[in-house]
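Q: I would like to learn how to read an annotated site and a helix. Where do we begin?

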Amino acid sequence: MASSSEVSNPSWRPKLVLASASPRRLGLLQQAGIEPDALLPADVDETPLKNEGAKELAKRLARSKAEVARKVARAREDLKDSYILSADTVVVVGKRVLPKAELVDEAAGCLRLLSGRAHRVYTSVCLITPRDSVRERLVETRVRFKRLSRDEFERYLASGEWRGKAGGYAIQGLAGTFVVKLVGSYSNVVGLPLYEAAALLDGEGYPVRFSWLSAA
């Protein structure tokens, strides 16, 4: 915990760890003026459990990532009192959870399911405070894709942009041209719902707007 001298020092702020290697999540935090002090991506098995729904999967994985990062951070002198922030995004069509596509066949399967249909994107955000309190938020966004032409389908696969993306697409990239309708948080579909992440941090005492005065 911070000492009284640290709290009274306007140049001081607590440490923040992002438990992710995602450049998209880092970029979203930086967009909000929040700069993590360390990135501690957690290598966890993301295979859904038997009969596990999309919401439960997102929540379990976000929490697991945060707990792995906490163990590492608490063992380091420079990060032992840090906040730990993690997130996991899941794309679902009906009740079918789509993979984070790594192979072209996986991406092709995702695009076939998404073409001309609505789907849901869930992101669970997990925050572990310096006192080891755990706070979580689950955010849902509904997205509808246009019916993809053969040319769009083949060219998007050839772009490789889908690689490592939940549902096999990146809304902030070329696939943004496929979106007919979006209801909810756009940043949630990118990978981190900014309003909810900032609200969690702010509510637990992290100075979200610490750097805003120097951003102009």
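A: UniProt positions are given in the numbering used here, feature names are shortened, and annotations may be inferred rather than shown by experiment. Here the unreviewed UniProt entry annotates Asp88 as "active site". The model is predicted: local features need pLDDT of at least 70, side-chain atom pairs count only at pLDDT 80 or more, and totals for chains, interfaces and linings use all residues. Residues are numbered from 1 along each chain as its sequence is written, and side-chain values use heavy atoms, with hydrogens and water left out.

Q: Is Asp88 buried or exposed?

A: Buried means under 20% relative accessible area, exposed over 50%, partly exposed in between (1.4 Å probe, protein chains only). Asp88 counts as buried because its relative accessibility is 0%.

Q: Which side chain joins that of Asp88 in a polar contact of 2.8 Å?

A: A polar contact is a pair of N or O atoms within 3.5 Å; within protein, one must be able to donate a hydrogen and the other to accept it, and residues adjacent in sequence count only if both atoms are side-chain atoms. The partner of Asp88 is Lys65.

Q: Which residues of helix α4 are buried?

A: Helices (H or I, at least four residues) and strands (E, at least two) are DSSP runs, numbered from the N terminus. In α4 (residues 104–114), the buried residues are Ala107, Ala108, Cys110, Leu111 and Leu114. They lie on the same side of α4 because they cover an arc of only 160° around the axis, taken from the directions from the helix axis to the C-beta atoms.

Q: What does the opposite face of α4 carry?

A: The face turned away from the buried side holds the exposed residues Asp105 and Arg112.
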